[in-house]
Structure formats: C-alpha cells, structure tokens
Amino acid sequence: MSVILGLNAFHPDSAACLVVDGKLLGAVAEERLGERIKHSSKFPAHAIRHLLADSGLRLRDVTHVAMARDTNANRAAKMLYVAQRPIKAAGAVVEHLSRSRRTKSTMQQLAEVCNEDPASVRFETVGVEHHLAHVASAYYLSPFEQLTAGFSYDASGDFASMMAARCEGSRIEVLGRVTLPDSLGFFYTALCQFIGFDSFGEEYKVMGLAPYGEDRYADVMRQLVRLEQDSWYRLGKGFFGMHEGAESGAVDERNHIVMDRLYARRLQDLLGEPRLRNAPLTQREKDIARSTQVRFEEAALHCMRRLHALVSTERLAMAGGCA
C-alpha cells in the first residue's frame, strides 16, 4: 500500500493532504483546526493528526512524506544572486539555511507530533519544488490527459517566481523558470503596499479598486515591469527591495503575517509619497491601482503567448498566487 502524506509548512496557509494508492482521501488547512489562526504558517500538526485519524491510519503506515519545498532547487540562481549583491543578500542566505534546518528537523520530529515511536516510522521524504507542486496541483486535478500547458506564478518559492511546463499523461516537463529578483507577485504586492494596503493577502482590494481609476501611470509601469520578446518578464532595477532575508511565515503578537516593505525609495521618486493605511483614498491611488492591474495583465498575456509558442494547445493548467 502506498500512503503519501503531503505537507505545506512554514509558509502562509500551511496544510496537509493524504493520498492512499493514488486516491486523495483528504486535505485540510491548519487554520481550520487548533488555534484557528488565519493564514497559519505553523507546522500543520493538527491537520496531520486529523487526516490520519479520519483514515484509520498511523504515521507508521505512511510510505512517503512530500514537502512542497526543495531547498536544493535553483541553486545556481541563488549563488549568482549572492555573488552580485553579497551584503544585501546576507539576510536571505541566513533565512535559507534556517529554513533548511527547520525542514530537516521537522521531518525528524514528525513521529513525536503523531505520538509514534520513531523506530516504527519508515517513510521516505521527498522535497517537491514549490512551483512544480503548484503546476501538479492544477494539472493532476484537471480533466486533461492530452498535451496541456502548465503555468505557475506568484511572489516566490524556492527562489523562483514562475514556472512553465509541458504536461502530458503523468509527465510534467519543466520548460522554463523566472528566478528572483524578478517577480510579478512582488511587483503587485509592492504597489499594494504603496497604495496603503500593507497587510498580507490584500491584493484583492487593489484589484477591486482598479476599475475606479484611469491608466494614467502606464509609462511608470513599463519602467517597473519589462516585457521583451525573448524573455518572460523582468523588473526594473532599483525600484524594489524584495528577498533580503525576512523570515518566511513570521507573525507578530496578533498572529498577523509580518510583511517587509517591498518597494524602494526610487519608486517614490516616480509616484510621490505612499499613502498611509488610514489616510483617505484619493484619485491618485485609484489611478495607480488601475495602471498596476493593466500592466500585470499585459505581463500575464505576454507570458501566455510565449507559453503557447512552446506548448501548442488550448488546454491550460494554471496555479500560484498570481494565477
């Protein structure tokens, strides 16, 4: 019997799922159990215990534990990033090493979480690259079996912000990635923060604000997000300050996700002073929201055209925070 326990941990919206002999028996987010903390990034101990008990299984029955994280992925891109900005990237290196230790330690402590004797546990641990897990979540649960284009994009995961793939049958072939510091997710969230929506998960508010504005900042947005024929997308240099070592999934005393500021002073030189959270919304913020949304959609369509040239099909499986 094959029993796979899948985990998302140390990242907002931690969760677990259980697959037995290829059939999904259950999936639950940690926030729905225990302390009921919204967007919980804690290890999904309650979710794991619930799924195993609900299925009449124990940890000793689990043959594989899959974690939606592969700390070895995109290593060359990480090394290049550090080499180009050694001082600025120092915090990111520390966070990367800390995350690797936490992941390894957690696997060792899983038996304790489930009240099992460590000697009775024999599962194999599998790290799945963040965006590959996203593509798989969309493609394998879709009705498609023939040639399908797979696409994942978000802020970042395993140092990448996007993955393009060719999917067919049970196979997913990775065709391309975009690695940090280039990220459409960071671009959108940075502008959300500038408009004054600086809490985790408030992008929907800016998307909702956009129809009330005019696209008056198109020239600025073209500087922020570069779209070229031979690449997916790039961010303009000097406007953003992401990936400098903030702890992934860290929370404050109210259990709210801690968000570092993602835009740099240079953005203020173009757009003026950012709106404070409790300040009135003016037409300027509505116009910035509209231009942000327009440029994001232009970038998304640019990627879709490029993907279609690589995978000629009308079938698309898409996932990730930006999707």
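What follows looks at a sheet with its packed helix, and then at a pair of helices, in a predicted model.

The sheet is an open one, built from 5 strands in the order S3-S2-S1-S4-S5, and its pairing is mixed. Strand S3 (23-29) and strand S5 (124-127) sit at the edges, so to speak, each pairing on one side only. From one strand to the next, the twist averages 15°. Strand S2 (residues 15-20) and S3 run antiparallel, with 6 bridges joining them. Within this pair, Ala 15 has Ala 29 of S3 standing opposite. Helix H1 (residues 45-54) packs on the sheet, where the helix touches strand S1 (3-8), along with S2 and S3. As for direction, H1 makes an angle of about 25° with S2.

Now for the helix pair. Helix H5 (residues 184-195) packs with helix H9 (residues 283-310) at about 175°, and their axes lie 10 Å apart. Because that angle is over 145 degrees, H5 counts as roughly antiparallel to H9. On the H5 side, the contact is made by Leu 184, Phe 187, Tyr 188, Leu 191, Phe 194 and Ile 195. H9 brings in Arg 284, Glu 285, Ile 288, Ala 289, Thr 292, Gln 293, Arg 295, Phe 296 and Ala 299. Sorted by class, the residues in the contact of H5 with H9 come out as 10 nonpolar, 2 polar and 3 charged.

Terms used
Residues are numbered from 1 along each chain as its sequence is written. This is a predicted model: local features need pLDDT of at least 70, side-chain atom pairs count only at pLDDT 80 or more; totals for chains, interfaces and linings use all residues. Side-chain values use heavy atoms; hydrogens and water are left out. Two strands pair if DSSP finds at least two bridges between them. Helices (H or I, at least four residues) and strands (E, at least two) are DSSP runs, numbered from the N terminus. Axes are lines fitted to C-alpha atoms, for helices over the stretch in contact, and angles run from 0 to 180 degrees between N-to-C directions. Contact means heavy atoms within 4.5 Å. Angles under 35 degrees count as roughly parallel, over 145 as roughly antiparallel, 65 to 115 as roughly perpendicular and the rest as oblique. Ala, Val, Leu, Ile, Met, Phe, Trp, Tyr, Cys and Pro count as nonpolar, Asp, Glu, Lys and Arg as charged, and the others, Gly among them, as polar.
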